[in-house]
Amino acid sequence: MKHKEILELLNKMTIEEKIGQMVQITGDVFLSEDTNSVLTGPLKNLHLSKEKIYHVGSVLNIIGAEKVKKVQDEYLSKSRLKIPLLFMDDIINGYKIAFPIPIAQGCSWNTKAIKEMTEISSMESSIAGANVNFSPMVDLSRDARWGRVMESIGGEDPLLGEIYARTMVKAYQGKNLFEVGKMASCVKHIAAYGAVEAGRDYNTVDMSEREFRQYYLPAYKAAIEAGAEMLMTSFNILNGIPSTVNKWLIQEVIRKELGFKGIVISDYGAVEETITHGYSANETEAAKNAITAGIDIDMMSGIYANHLKDLCLQNQEIENKVNESVLRILTLKNKLGLFENPYGNTNEEKEKTYIMNPINLEKAKKLTQETFVLLKNKNHVLPLQKSKKIALIGPYIDNIGITGSWSMFSDRTKNGTILDIFKEKMGNQVIYAKGCEILRQEEINKILSADGSPIVHVENERQKEQDMIASAMQTAKKADVILLALGEHYKQSGEACSRSNIALPENQIQLINELYTLSKPMILILFNGRPIELNTIEPKLDAILEVWFPGTTGAKAITEMILGEENPSGKLTMSFPQNVGQCPVYYNHYNTGRPHHDNLRYLSRYQDIPTESFYPFGYGLSYCDFKYTELYLNNHKMNKNETITVTIKIENQSDYAGYEVIQLYIQDLYGSVVRPVKELKAFKKEYFKPHEIKYIHFNIDMHMLKFWNEKLELVAESGEFKAFVGGDSVNVLEDRFEFVDN
Ligand code: BGC
């Protein structure tokens, strides 16, 4: 459709039809024979009449070509102007193929890998009918207590967030949204949702504008610059005002300053929640606040549907705002080609051949392997020799539930288990005992009863625990090495999964303690969605392989890694704390006036734990041994038109081939405002043959030195800097240079 035709269509619409476009509901209602009877569940609270339901502009989490077509047909059959529905979904880490959870994907430090995973997800889900994906989530995340760190693609680093945001938006959207395999990207959650106080989900966010601009805004900005069609607001308040009704945020920063032209959608029920926040006095005010702030679509609340019309009748400015929003929504529908073909890229034939196809599964396995982080490998206990007798122990050994909490659409039939795959490769050389459950039932009850699930009672649970441990001990005694697969329950990380204890569950720790008494090499494969507190168990383990929730091909990917058919190359994107009391702990922090350097009393430190994180940002081992030497700067002074080339010699001192992520950090030693002790400025993922030596180069330019100064201007100030290069944020070589702003 031409722009002129869209305007004509807008002119034909009644006010009710316009407001309907700005409302999003769950789509099941259109699948039922009897629409009246389906107005139950979350929809019931929206108090929508049947007429209003048939005016809505979009639905969420309906997917599958047949289903999508059915809903679209039903909707259009009753629609006066035949404006097709938009289908929006949460394809967070893949559709039928579950990829590793986003925090894991980020640990690949490989934009090509992230692009490929995103493209496969985009193809699978768009041919199944999704027009918009509520992804990527680019909230900077520093606090491991927050359950949603598992969704954060860049972890605690603004540069990674920026690079990955750009990569993913482009991979979803391509050049044209109506091309097969492409869909609109809805970037979330604006803004600063990752900074919720005490890591408690939906909680307060209060931060200086400088902090916001320096760390939290860059990823959203990069997504907008990459052409993201949509943004979702966050549940939190930002400096006293809920994001969803925050005019400064949406109008001044997002629209005016960053030039965002697309659609802003609220998060689930968030417009109504502005009342509970204590910002809007009632529903009418909530509608007014949201529309004036710039919310184009009200997701899952009845506020727009029930109150916007009266506001329009009273106030021309609000009606103008409605027209602007509807125009944006119709424009997106047009970009997706829905006026020509209401099914968009939905393709039942392709759905049959493309989804879960073996080529993509093989690719997925390779990509998954890039997300694993080897945290410890004492005396090179890994990779394991096939000649060894291995005791496979733990609740994740014979378990297909390794896809994480957002993979509700994934096809688990192809998941396989670690047990199956080890057996295939090693037959009777592996023996198995479950050893423990992931969580005690009483803890599962606590989590699930909040979802309304019935409480399950287990008789003699502690006795059963002892029996399982005893049987695991018997199995382990027969083996040369113990391979444990432990971790969080998938319901312990994700939305509404904040935790004040981020250690492994107590029953799992008990199992480790018992097995440790056997004095056999013990390796942990760790499943989790957040940095885990490992300080008490780490000394008992010879190796730790962090695999997060690795998805459909996880079991195969892990087995190959453990047996040395592949070599780990992932690096952490979030620091692991010594214990939960250190949260939030992140590498790019400021100094204090009393940094901790020795054992003196009045220094900035804890009495009971080290100040440093347990595993730092950027950290991750390989089966290779990389040695960094000869850091060389070709110049020690530069001006704004010059660059300095940093060179480092890296030697792979092993018989293995593998990848290493080489990281460049910079510190601005003195500024008009203080600057962090280190900031990631560039990185390269390089392949090394056995014993290969490479010289790696980075160029430092003025843009890398910029920051938000005292007057909130983005500038590079003259002065002294340090450049650091290393394989993580702590083990680095360093040199100084000077920048002169002329
Ligand atoms: C989450 C969003 C998600 C939306 C729709 C909300 O609860 O915060 O990230 O996209 O639901 O499912």
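Me: Why is leucine 712 called partly exposed?
Reply: Leucine 712 has a relative accessible area of 28%. Buried means under 20%, exposed over 50%, and partly exposed in between, with a 1.4 Å probe and protein chains only. The value of 28% therefore makes leucine 712 partly exposed. The model is a predicted one, in which local features need pLDDT of at least 70 and side-chain atom pairs count only at pLDDT 80 or more, while totals for chains, interfaces and linings use all residues. Residues are numbered from 1 along each chain as its sequence is written, and side-chain values use heavy atoms, with hydrogens and water left out.

Me: What makes the phi of leucine 712 worth a remark?
Reply: Phi of leucine 712 is positive, about 60°, although the residue is not a glycine. Most residues other than glycine have a negative phi.

Me: Why is alanine 192 called buried?
Reply: The relative accessible area of alanine 192 is 0%, which is under the 20% limit, so alanine 192 is buried. Phi of alanine 192 is also positive, near 60°.

Me: Why does asparagine 110 count as buried?
Reply: Asparagine 110 has 17% relative accessibility, and this is under 20%, so asparagine 110 counts as buried.

Me: How do you know that the side chain of asparagine 110 makes a polar contact with the side chain of glutamate 370?
Reply: The distance for this pair is 3.0 Å. A polar contact is a pair of N or O atoms within 3.5 Å; within protein, one must be able to donate a hydrogen and the other to accept it, and residues adjacent in sequence count only if both atoms are side-chain atoms.

Me: Which residues are in contact with asparagine 110, leaving aside its neighbours within four places in sequence?
Reply: They are Tyr164, Glu370 and Lys685, where contact means heavy atoms within 4.5 Å.

Me: How many salt bridges does the rule find across the interface of domain 2 and domain 3?
Reply: The rule finds 0; a salt bridge is a side-chain nitrogen of Lys or Arg within 4 Å of a carboxyl oxygen of Asp or Glu. Across this interface there are 2 residue pairs in polar contact, both at pLDDT 80 or more.

Me: What kind of peptide bond joins leucine 382 and proline 383?
Reply: The bond is cis, with omega about -5°. Most peptide bonds are trans.
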